[in-house]
Amino acid sequence: FAFLEPPHWLYRPHDEVRVAVHTQDAGERPLAVEGRLRVTRDAWAEIWIDPLGREVSGPALEKARAEGAIFAPPQPGKRGWNLKFRGYAHEEILSRLARTAEDGAAELNFTPDREGYYRVSFSGDEDESYPVAAETTVWVSDGRTDDIGYRPGGVQIVADTDSFRAGRKAAVML
């Protein structure tokens, strides 16, 4: 088994992100494992085909939506808008081989240069039937960030840590 544990889930651009890696066997004993650590910056993306047959995405898609053109019902005998792709686009930030020590521990450090939704993964023994794998996410934003490309499908509260003390301030992202 593998576990990825960041001390925080919320960071600012140019902050160092640390993620502890722990690997163990089924008896919960530390296990040295070689695997690949990977960080991607994931962003929600949509590609539409407009009535003229052109692909529209990114700022051009936002402009079309603002003008009210994107979801207009198709006219009889005319082509309407068609969805080509909707999902996360993955930008690889880093990928490297790593090995946990005899105590099953390793650490990954990286410094994101911009806002975003970052996915951290570890995978080892990929040729095995049940590979050792784990995944976690961290969010990078600042006080001016209004979109990091993350779509939870509703309102989600992301707290900086998994526990708090009464009376203390806490970093939270909505």
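These entries cover the model, then the sheet, then the salt bridges.

**Model.** I am working with a predicted model, where local features need pLDDT of at least 70, side-chain atom pairs count only at pLDDT 80 or more, and totals for chains, interfaces and linings use all residues. Residues are numbered from 1 along each chain as its sequence is written, and side-chain values use heavy atoms, with hydrogens and water left out.

**Sheet.** I looked up strands (DSSP E runs of at least two residues, numbered from the N terminus). Strands pair if DSSP finds at least two bridges between them. I found 3 strands in an open, antiparallel sheet, ordered S1-S3-S7. S1 (2-5) and S7 (105-110) are the edge strands, each pairing on one side only. S3 (residues 17-23) is joined to S7 by 6 bridges. There, Val21 stands opposite Ala106.

**Salt bridges.** I counted a side-chain nitrogen of Lys or Arg within 4 Å of a carboxyl oxygen of Asp or Glu. The structure holds 10 salt bridges. One of them joins Arg38 and Glu92, with the closest N and O atoms 2.7 Å apart. This pair links distant parts of the chain: Arg38 is in strand S4 (residues 34-49), Glu92 in strand S6 (residues 82-99), 54 residues apart.

I also looked up Glu62 and Arg65, whose salt bridge is 3.4 Å, N to O. Both lie in helix H1 (residues 58-66), 3 residues apart, about one turn of the helix. A helix here is a DSSP run of H or I, at least four residues. I noted a network of salt bridges linking Glu62 and Arg65 with Glu46 and Arg86.
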